[in-house]
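Reader: I'd like to go through this one with you. Can you put it up?
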Amino acid sequence: MVQYLLNGFGHLVQSGSIFALFIGVFLGIIIGALPGLTATMGIALLIPFTYGMDPAYALSLMVGIFAGGIYGGSISAILIKTPGTPAAGATVLDGYPLAQKGQAGKALAVSTIASALGGLIGALILTFLAPQIAKIAVLFGPPEYVLLGVYGLSMISYVAGKSMAKGILMGCLGILISTIGIDPISGFPRFTFGQLNLLNGLSLLPVLIGLFAAAQAFEGVEKCNEPQVQQAKIKKIGISGKEFLRILPHIVKSAFIGTFVGAVPGTGTDIAAFLSYGEAKRSAKNGAEFGTGVIEGVAAPESGNNACVNGAMIPMFTLGIPGEAATAVMLGGLMLLGLQPGPLLFRDNPQVIYTVFASTITSNLLILILGLLGARFFAKVLQLPTKLITTMIFVLAIIGSYAMRNNAFDVSVTIIAGFLGYILTKADYPVPPLLLGLILGPLVESNLGRTVIISEGNYSIFFTRPLCWLFWALILYTVISNITKSRRASRQSGQKAGREESHE
Amino acid sequence: MISFKVRWLDLFLGILSIVLLFIVFILSASFPEPHEAQLGAAVFPRIVVLVLAVVGVYIFAQAMGKKNNATVDINNAQKVILSFFILLLYGLFLKKIGFIILTPIFIAVLLFLMRFSNVVINLLTSMLTTAGIYIIFKILLSVPLPEGILRF
C-alpha cells in the first residue's frame, strides 16, 4: 500500500498532475475568497473542460479547487467579515475581530497553517482508511448497493436545510428526472416524448452547471447594486512559535472532528467548521474570550473544514456515495471521465486513485506556501468588481455546457436549470438533494433490476443477507434521528414565534 | 422588486407532483410487460412518483393550513429577468454566430444592464475579457469554442 502511494507521488510529478494541482489550489483560493463563489461552483464550471484529460490530471485539478476553495473562504471571512464559502462561516467569529485589532496578518497566518495541517491530517486518514473500506465494499452485491443508494438518499433529510419535506420533494424530482431516457435493464425508452435529445436522459453536466454556477450568477445580477466592502489592512503575516503551540492541540482535534464529519454522508464543511469551533470553545482555557478575536477560534474551524474536504472524499471514492454538494459534483466529474466510483476503482485504477491521494496530501503544502506568500495578492483579488465576475460565470457556464456535446439543447437546460435553481433556493427548496437524486437514482434502479434477476423476483433477499441488515439499521437510524431532530427544531421555532407574538 | 408568497410556490409544486403522478402512470401503462422475474421499466418511476405525490400533498396541505407569510423577494427583478432572456439569446445563437462576435456583445450588454461603468469602459472590458477567455480556453486548453460565421 505504501508502495502504491509512493507510485502515486511518482505519477503526480511525472504526469504533470502536480502542475494541475497547483493551478487548482491557486484558482480554488481565488474562487473561495470571492464571496458568492464556492468550491462547488468552481468544480462544476471546470468539469466540461476536463473531458479527455488524463483522469489523474483532471482529478488533481478538482482536488486542488476543492481544498483551495475551502481554505480561500477564510481570507474574505477575516478581511471583509463575509465568509467566501459557507465553510468559513465560523471563521468570521474570531477572524474578523482579530483583523479589527490590527492583526489581520496573524489571523491569515493562523488560518493558513490550520487549514494546511488539518487538511494534511484529513488526507492521511483518507489515504489509509479508504482502501480498507473499499476492501469491505467489494463484498457488496446488487442488494447491498440498492440499500446503500437508499441510505445515501435518506441523507437528503440532512442536506435538506429548513424543511425536510421540501428536501425530499427535490430529491424525488431528481430521481424522476434520472429515469428519463433508456431504461437500464430492458432498454425501453421512457418519458422521452419522441425527443431524440432525451434518449440518453437529461445529461448530468448541463443540469449541474446550471444549478451550481448559473444560479449563482443570477444572484450576482440581483445583488449588483450592493457596494463593495472595505477590507482590513494586512500588516505582518506570521505567528510566533508560542502561538503555534497554543493552537496545535485545537488543530489536531478539529482535524479528527472534521474528517469524521466529512466521512458521514450528508454533512458538509460548514457543519465541520462549526462543530470544531464549538468544541474548541468548550475545551479551551480562554473559552470565554471566543468571539473577541482569539487565534484558537480561527484555527479550529479552519482545520476542521479542510480536514472535512478529505473526509468527504472517503464515501465518494469507496462507495460512490456523495456526502454533500461538492463531492456530488466531483462524482459527476468522475463519471464523465469514464471512472466508475466505488470499490472497484481501487482494484481497476490503483494508479489514478493513489495519485489522487498523493494530490490531497500535497495540496496542503501548496495551501501553506500560496497562503503565506500570496495573502496580499489574494486580498487584492477580493477587490475585483463582482459585476465582471458575474458575467464571466455566465460565459463560462454557457461554453462549458456547449463543450461536451456541442448542442443547443444542453445550453437551454443549463440556463433553465440555473434560473429555476435560483428561484427554488430563495423559497427554501434546497438544490443539492436534486443532484443527489439525479446521481443515486440510476444506481438504485439498475441494482434493483439486478437484484430482482438474481433473486428470481424474491424480495426477501433484502432481509436475508447480513450486510443488508447493517444498511437497514443505518437507514432506520438516519430517518428516525432526523425526524426527531426536525420535530425538535420546529417545536423550538414554534415556541420562539409564540414568544414573539406574546411580546406584541 | 418582485415578491411572491412561498405558499404559492408550495401550492404549485404540490399540484405539480399530482400532475406528474398522473403523467407517469399514464405513460408507463404502455411500457412493455417485463419478462418473468424482471423489474420492468415502469416499477421504479412509479415508486418514486408515488413518494413524490405523498410529499407533494403534505406540502400542499401545510401551505393551505398554516398561515405562512414568508415571501420570496427578488430585488432588481427587471434586471434578473432581462439577464435571463439575454443569456438565453446568447446561448441559443452562440453556435450560429460564433463565440468571438457574440461574447463581447453579451458581456457589454450585461455590464451595461448592471451599470458597471461608462460605455467605453464597458466595451473595452468586454473585449479584453473575451480575448482572455479565448486565449485560455481555445489556445491553451484547446477547448472547442463555437466558431459561427467567422470560422475561427
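Author: What follows covers the contact between the chains, some helix packing and a few backbone angles. Bear in mind that this is a predicted model.

Reader: Which residues in chain B lose the most area to chain A?
Author: Those are L39(B), F44(B) and M114(B), which together make up 13% of what the chain B side buries.

Reader: How many salt bridges across the interface?
Author: The rule finds one between chain B and chain A. K166(A) forms a salt bridge with D10(B), and their closest N and O atoms are 3.7 Å apart.

Reader: Now helices. How do the axes of α17(A) and α3(B) cross?
Author: They come within 9 Å and cross at roughly 165°, where α3(B) is residues 77–97 of chain B. The angle is over 145 degrees, the cut-off for roughly antiparallel, so α17(A) is roughly antiparallel to α3(B). The crossing of these two helices, α17(A) and α3(B), is right-handed.

Reader: Which residues make that contact?
Author: From α17(A) there are A408(A), V411(A), S412(A), I415(A), I416(A), F419(A) and Y422(A). From α3(B) there are V80(B), F84(B), L87(B), L88(B), G91(B) and L92(B). By class, the contact of α17(A) with α3(B) has 11 nonpolar residues, two polar ones and no charged ones.

Reader: Switching to pairs inside chain A. What about α4(A) and α12(A)?
Author: Helix α4 of chain A spans residues 55–80 and α12 of chain A spans 296–319; their axes come within 9 Å and cross at roughly 160°. That makes α4(A) roughly antiparallel to α12(A). Here α4(A) passes α12(A) in a right-handed crossing.

Reader: Who touches whom there?
Author: V63(A), F66(A), A67(A), I70(A), Y71(A) and S74(A) of α4(A) meet E302(A), N305(A), N306(A), V309(A) and M313(A) of α12(A). Sorted by class, the contact of α4(A) with α12(A) has seven nonpolar, three polar and one charged residues.

Reader: Last topic, backbone. What is phi at K81(A)?
Author: K81(A) has a positive phi of about 65°, although it is not a glycine. K81(A) lies in the loop between α4 and α5 of chain A.

Reader: And D428(A), where is that one found?
Author: D428(A) is in the loop between α17 and α18 of chain A. Its phi is near 65°, a positive value in a residue other than glycine.

Note on methods: Residues are numbered from 1 along each chain as its sequence is written. Chains are lettered from A and ligands numbered from 1 in the order in which they are written. This is a predicted model: local features need pLDDT of at least 70, side-chain atom pairs count only at pLDDT 80 or more; totals for chains, interfaces and linings use all residues. Side-chain values use heavy atoms; hydrogens and water are left out. Axes are lines fitted to C-alpha atoms, for helices over the stretch in contact, and angles run from 0 to 180 degrees between N-to-C directions. Helices (H or I, at least four residues) and strands (E, at least two) are DSSP runs, numbered from the N terminus. Angles under 35 degrees count as roughly parallel, over 145 as roughly antiparallel, 65 to 115 as roughly perpendicular and the rest as oblique. A crossing is left-handed if the near helix is turned anticlockwise from the far one by less than a right angle, and right-handed if clockwise. Contact means heavy atoms within 4.5 Å. Ala, Val, Leu, Ile, Met, Phe, Trp, Tyr, Cys and Pro count as nonpolar, Asp, Glu, Lys and Arg as charged, and the others, Gly among them, as polar. Buried area is the accessible area (1.4 Å probe) that two parts lose on being put together, summed over both. A salt bridge is a side-chain nitrogen of Lys or Arg within 4 Å of a carboxyl oxygen of Asp or Glu.
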